[in-house]
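Biologist: I'd like to learn how to read a structure like this one, feature by feature. Could you walk me through it?

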Amino acid sequence: MKKLVIVGASGHGKVIADIAVANGYRDIVFLDDDPGLTKAAGFPVVGTSKDAANYPDADFIVAIGNAGIRKRMQEKLPGVVTLVHPSAVLGRDVLLGEGSVVMAGAVINYGAKIGKGCIVNTCSSVDHDCVIEDFVHVSVGSHVAGTVHIGEGTWVGAGAVISNNVEICADCMVGAGAVVVKDITEPGTYVGVPAKKNKG
Ligand SMILES: CC(C)(COP(=O)(O)OP(=O)(O)OC[C@H]1O[C@@H](n2cnc3c(N)ncnc32)[C@H](O)[C@@H]1OP(=O)(O)O)[C@@H](O)C(=O)NCCC(=O)NCCS
C-alpha cells in the first residue's frame, strides 16, 4: 500500500485518516497550513500544503471542508484517490469522482453520480439517480432523496432533507435541519422547514 498524504489535519482530516486505515493504509502523513501542528489522529504532520511536491509517488486526499479551497488544492495535486469506509453501502452503477470520500454508514443508492472532491458524510444518504456535482458536501445525517441534482460546491448541512426530484444550484448553503421541497435556483443560504432563503 502506498503512502497516503492527507491535506488538512482538522477533525475532518482525522475522520479521513480512520477511513484510510480501514482501507489498509498504514503509512499516513498530514500536511496542514497551521505550522504549529505536529500530530493528528496519531499520525505526523510533516509540512504545509506547499510541501506536496515532496511526495511524488504518494496517494493524496484533501480533507478541507471549504469547497473552494478543497477544489483549488485538489486541482494542484497528483495521485488523488477516492476513499469509501467499509461500512458504507454503494448501489450498482454508482459513480464516484476522484478525491471524493464516503464516510461510515453512508448509503448511496442505484445509479447516483457523485462528482470530484465530494464529501458524503457519516450516516448520510444519496438516493437513486441523483447527480451530485463536484465539491459538494452532504453533511452528517442528511438525506438526499431520489433524482435530485445538486450544483457544484453546494453544502447540505447536518440533518437536512432534500425532497425527491429537486434541483439545487451551485454555491448554496442548506442549513442544518432544513427541508428543501422546491428547486433552489439562486446561490445563497437556505434554512428552515420548508427551506427559505436566510435574510439574517
Ligand atoms: C445556516 C448557517 C450556515 C447560518 O450560519 P450564519 O450565517 O452564521 O447564521 P447565524 O448563526 O448568524 O444566524 C442567522 C439567523 O439564521 C438562523 N439560523 C441559522 N442557522 C439556522 C438553521 N440551520 N435553521 C434555522 N435557522 C437558522 C439563526 O437563528 C439566526 O436567526 P435570527 O436572526 O432570527 O436570530 C448555519 O447556522 C448552519 O446551519 N450551518 C450548518 C453546519 C453544519 O451542518 N455542519 C455540518 C458539519 S458535517
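This is a predicted model: local features need pLDDT of at least 70, side-chain atom pairs count only at pLDDT 80 or more; totals for chains, interfaces and linings use all residues.

Biologist: Then which backbone oxygen does the side chain of Arg 70 reach?

Modeller: That of Phe 135, at 3.1 Å. Arg 70 itself belongs to helix α2, residues 67-76. Leaving aside residues up to four places away in sequence, the residues it touches include Val 62, Ile 64, Ile 119, Phe 135 and His 137.

Biologist: And where do I find Glu 152 in a salt bridge?

Modeller: Its side chain meets that of Lys 71, with N to O at 2.7 Å. This pair links distant parts of the chain: Lys 71 is in helix α2, while Glu 152 is in the loop between β17 (149-150) and β18 (155-156), 81 residues apart. Glu 152 is partly exposed at 29% relative accessible area, and Lys 71 is partly exposed at 28%.

Biologist: How many salt bridges does the structure hold?

Modeller: There are 4. Among them is the one between Lys 3 and Asp 27, at 3.2 Å from N to O. Here too distant parts of the chain are linked: Lys 3 lies in the segment before β1 and Asp 27 in the loop between α1 (11-22) and β2 (28-31), 24 residues apart. Lys 3 is partly exposed, at 25% relative accessibility, and Asp 27 is partly exposed at 37%.

Another one joins Lys 197 and Glu 186, whose closest N and O atoms are 2.6 Å apart. Lys 197 is in strand β24 (residues 196-197) and Glu 186 is in the loop between β22 and β23 (188-191), so the pair ties together parts that are 11 residues apart in sequence.

Biologist: On to strands. What should I look for on their faces?

Modeller: In a regular strand the side chains alternate between the two faces of the sheet. Take β5, residues 59-62: Asp 59 and Ile 61 on one side are buried, and so are Phe 60 and Val 62 on the other, leaving both faces covered.

Biologist: Does β5 run parallel or antiparallel to β1?

Modeller: Strands pair through backbone hydrogen bonds, in either sense. β1 (residues 4-7) and β5 run parallel, joined by 4 bridges. Val 7 stands opposite Val 62 in β5.

Biologist: In what order do the 6 strands of the open sheet come?

Modeller: β7-β10-β13-β16-β19-β22, with parallel pairing. β7 (89-90) and β22 (179-180) are the edge strands, each pairing on one side only. β7 pairs with β10 (residues 107-108) over 2 bridges, and Leu 90 stands opposite Ile 108.

Biologist: Last topic: how many disulfides does a search of the whole structure find?

Modeller: It finds 0. A disulfide is a covalent bond between the sulfur atoms of two cysteines. Cys 172 has its closest cysteine sulfur in Cys 169, at 3.6 Å, too far for a bond; the cut-off is 2.5 Å. Cys 172 is buried, at 4% relative accessible area.

Technical notes:
Residues are numbered from 1 along each chain as its sequence is written. Side-chain values use heavy atoms; hydrogens and water are left out. A polar contact is a pair of N or O atoms within 3.5 Å; within protein, one must be able to donate a hydrogen and the other to accept it, and residues adjacent in sequence count only if both atoms are side-chain atoms. Contact means heavy atoms within 4.5 Å. Buried means under 20% relative accessible area, exposed over 50%, partly exposed in between (1.4 Å probe, protein chains only). Two strands pair if DSSP finds at least two bridges between them.
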